Amino acid sequence: MKVMVLGAGAIGSLTATLLARSEQVDELVVASRRLPPARALVKKIGKKHLTAKQLDADKVGDMTKAFKGVDMVVNLVLPRFNLKIMDACVRAGVHYLDTATDLVLTEDKKGDRIERTPEQIQLDRDDLWKDHDLTAMLGWGCDPGLTNVFARLGADRLDRVDEILVRDGDNSTIEGYEFASLWSADTLIEEVQMDALAYYDRRFVRLGTAEGEEVFPFPDPVGPQTVYNVDHEESNTLPLFIGKGLRNQDFKISLPKEFAEFVRIGKKWGMTRAEPIPVRSKFYNTTVKVAPRDVMTALLPVPVDMASKVHGSTCVGTVVKGEKNGKPAGWFFYTMMSHDDCYQKYGYHAVSYTTGAPPVVGFEMFARHEITRRGVFPPEVLDPVPIVKHLPDWDLPYGERPEVAA
Ligand SMILES: NC(=O)c1ccc[n+]([C@@H]2O[C@H](COP(=O)([O-])OP(=O)(O)OC[C@H]3O[C@@H](n4cnc5c(N)ncnc54)[C@H](OP(=O)(O)O)[C@@H]3O)[C@@H](O)[C@H]2O)c1
C-alpha cells in the first residue's frame with residue numbers, strides 16, 4: 001500500500017520510522033508544512049521507498065491533489081486540521097487515520113448543558129464515508145487509542161459497566177528543562193485550557209480545568225502520581241459507544257500543578273488563544289500578527305528533540321469496573337514504557353513510541369483486511385482482542401491488574 005504520514009513531529013517521526021519497516025507498505029510519503037524536517041526524517045530513516053513532500057494541511061485543494069494515488073493518510077498534524085484533511089481524503093478517495101480530535105469545535109463551558117461533543121462533528125461524517133466506501137479510523141494513538149481499546153476489552157468481560165476511568169501518568173524528569181511537553185505543546189495547552197468533558201451519572205458535563213485532584217497508583221516504576229481532569233477525546237466517544245449501562249467516565253493526567261495554574265491564568269489573559277492578534281513592537285516600531293499560543297509554544301523546546309533527555313517512565317491505561325455474574329469486577333489495563341529504554345532501542349522517547357506505534361498496528365490490520373469496517377469510528381467499536389494480540393508485533397507493552405476490592 002502507499003501511505004502518507006502527514007506531520008513530521010514527535011509522533012509522526014516515530015510512526016513513519018515504523019511504517020517504513022512494515023511489510024504492508026510499498027511506498028511511504030512523509031509530508032509536512034515545511035520540507036526540511038520531512039526531508040531530514042526521510043534521510044534519517046534511510047529507506048528507498050520513502051519520499052518527502054511539502055504540504056499544508058490548511059489547504060484542501062493542495063491536499064486533494066497530493067493524496068491522489070495514496071491508500072491511507074495518517075494524520076499526525078495538529079487536530080485543528082482534521083476536518084480539512086478528511087475533506088481532502090473524501091475528494092481523493094483515500095482512507096484516513098488520526099490520533100486526536102479538535103476539542104474546540106464546540107464552545108460549551110463548565111455548567112453548560114452538553115448537547116453534542118466535539119468529536120461528534122467528525123463522527124457525523126460516517127454516512128458520507130460509507131457512501132464513498134472509505135474508512136476513517138479516529139483516535140488511534142495511546143490516549144486516545146489504546147485506552148479506548150482497553151475500555152472495550154474490559155466492557156466485553158462485564159455484564160454491566162459502571163465506570164471507565166482513563167489515567168495518564170509519567171514520572172520523568174527532562175534534563176536541562178524545568179518544564180517541557182513531550183508531545184505537541186499546542187495540543188497540551190488546548191486540553192488543559194478547555195473545561196474538561198466528563199460523563200457522570202449518565203450525562204455529559206463540563207468540569208473546570210485541572211480539577212478532580214487524586215493520587216492514582218500506577219504500577220511501578222511509575223508509582224503513585226497526582227492526576228487532574230483535563231479535556232480529552234475518550235470522554236467524547238466512550239459514553240456513546242460502550243453501552244452496558246456505563247454510568248461514569250472521565251480522564252485524568254499527571255501534570256505539574258503550577259503548569260495547570262499557569263494555563264488557567266494565561267487563558268484569562270488571552271495567552272492561550274490560537275488566533276493571531278496584532279502585536280506592536282516597541283523596538284522596531286512595526287506591527288506583526290502573532291497567535292499568543294505560538295509565543296507560549298515557541299518558548300518550549302521542540303518535543304521531538306527531547307528524546308535523549310527524558311528519564312523515567314510513562315504509564316497510560318483504563319480502569320473498567322462493573323458487575324459480572326452478580327459480583328463486582330474490574331481491571332486496570334495499561335501500557336507502560338521506560339523513556340530511557342525506548343531511546344536506546346528506537347532513538348525516541350516513550351510518549352512518541354506509545355502514541356506513534358498504535359497507528360502502525362491499526363494501519364497493518366486495515367491493510368491485512370482484519371479491519372474492514374467503513375465509515376468514521378473510534379477504536380472502541382472494534383473487537384479489542386485481535387488488536388491487543390497485535391500490540392507485541394510493534395513492541396507495545398500491555399499489562400492488566402485486578403482493580404475491584406472484594
Ligand atoms: N492519541 C495520543 O495518544 C496522542 C498523544 C500525543 C499527541 N497526539 C497527537 O498527535 C499529533 C501530532 O503531535 P506531535 O506531538 O507530533 O506534534 P509536533 O511535534 O508539534 O508535530 C506536529 C507536526 O505537524 C506539522 N504541522 C503543523 N501544522 C501543519 C500544517 N498546517 N500542515 C502540515 N504540517 C503541519 C508540524 O510542522 P512544523 O514543524 O512546521 O510546525 C510538525 O511536523 C497531534 O494531533 C497530537 O494531538 C496524540
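**Cavity, pocket, helix and strands**

The residues that line the largest cavity divide into three nonpolar, two polar and three charged. Here nonpolar stands for Ala, Val, Leu, Ile, Met, Phe, Trp, Tyr, Cys and Pro, charged for Asp, Glu, Lys and Arg, and polar for the others, Gly among them. The model is predicted: local features need pLDDT of at least 70, side-chain atom pairs count only at pLDDT 80 or more, and totals for chains, interfaces and linings use all residues. Residues are numbered from 1 along each chain as its sequence is written, and side-chain values use heavy atoms, with hydrogens and water left out.

The lining of the largest cavity consists of Leu 78, Pro 79, Arg 80, Thr 101, Leu 103, Asp 186, Thr 187 and Glu 190. Its volume is about 60 Å³, and the structure holds three cavities of 30 Å³ or more. On a 1 Å grid over the protein atoms alone, a cavity is a set of points where a 1.4 Å probe fits but cannot get out, whereas a pocket is an open set with protein on both sides within 12 Å along at least five of seven lines; lining residues have an atom within 4 Å of a point. Grid points are joined across faces, edges and corners, and a volume is the space filled by probe spheres set on the points.

Asp 186, Thr 187 and Glu 190 from this lining are also among the buried residues of helix H8. That helix covers residues 185–193, and nine of its nine residues are buried (under 20% relative accessible area; exposed is over 50%, partly exposed in between, with a 1.4 Å probe and protein chains only). Helices (H or I, at least four residues) and strands (E, at least two) are DSSP runs, numbered from the N terminus. The buried residues of H8 pack against helix H10 (257–269) and helix H11 (292–298).

Of its 14 lining residues, the closest to the centre are Phe 179, Phe 259, Phe 262, Met 296 and Leu 300. The lining divides into 11 nonpolar, one polar and two charged residues.

Next come the strands. S17 (residues 313–324) is mostly covered, with nine of its 12 residues buried. Strand S7 (residues 160–170) pairs with S17 in the antiparallel sense over 10 bridges (strands pair if DSSP finds at least two bridges between them), and Gly 169 stands opposite Cys 315 in S17. S17 is also joined to strand S18 (residues 327–338) by 12 bridges, again antiparallel. Val 320 has Trp 331 in S18 as its bridge partner. The hairpin of S17 and S18 has two residues between the strands, and there Asn 325 takes a positive phi near 50°.

Other backbone values also stand out, given that most residues other than glycine have a negative phi, and most peptide bonds are trans. Asp 133, not a glycine, has a positive phi of about 60°; this residue is found in the loop between helix H6 (126–131) and S6 and is partly exposed, with a relative accessible area of 48%. Ala 210 has a positive phi of about 55° and lies in the loop between strand S10 (203–207) and S11. Ala 210 counts as buried because its relative accessibility is 8%.

Cis peptide bonds occur from Asp 143 to Pro 144, with omega near 5°, and between Asp 220 and Pro 221, with omega about 10°. Pro 144 is in the loop between strand S6 (135–137) and helix H7 (146–157), and Pro 221 is in the loop between strand S11 (214–217) and strand S12 (224–229). Asp 143 is buried, with a relative accessible area of 15%. Leaving aside neighbours within four places in sequence, Asp 143 is in contact (heavy atoms within 4.5 Å) with Asp 168, His 232, Glu 234, Phe 251 and Val 316.

One further loop residue is Asp 108, placed between strand S5 (95–98) and helix H5 (119–123). Asp 108 counts as buried because its relative accessibility is 13%. Its contacts, beyond neighbours within four places in sequence, are Ile 114, Arg 116 and Arg 206. With the side chain of Arg 206, the side chain of Asp 108 makes a polar contact at 2.5 Å. A polar contact is a pair of N or O atoms within 3.5 Å; within protein, one must be able to donate a hydrogen and the other to accept it, and residues adjacent in sequence count only if both atoms are side-chain atoms.
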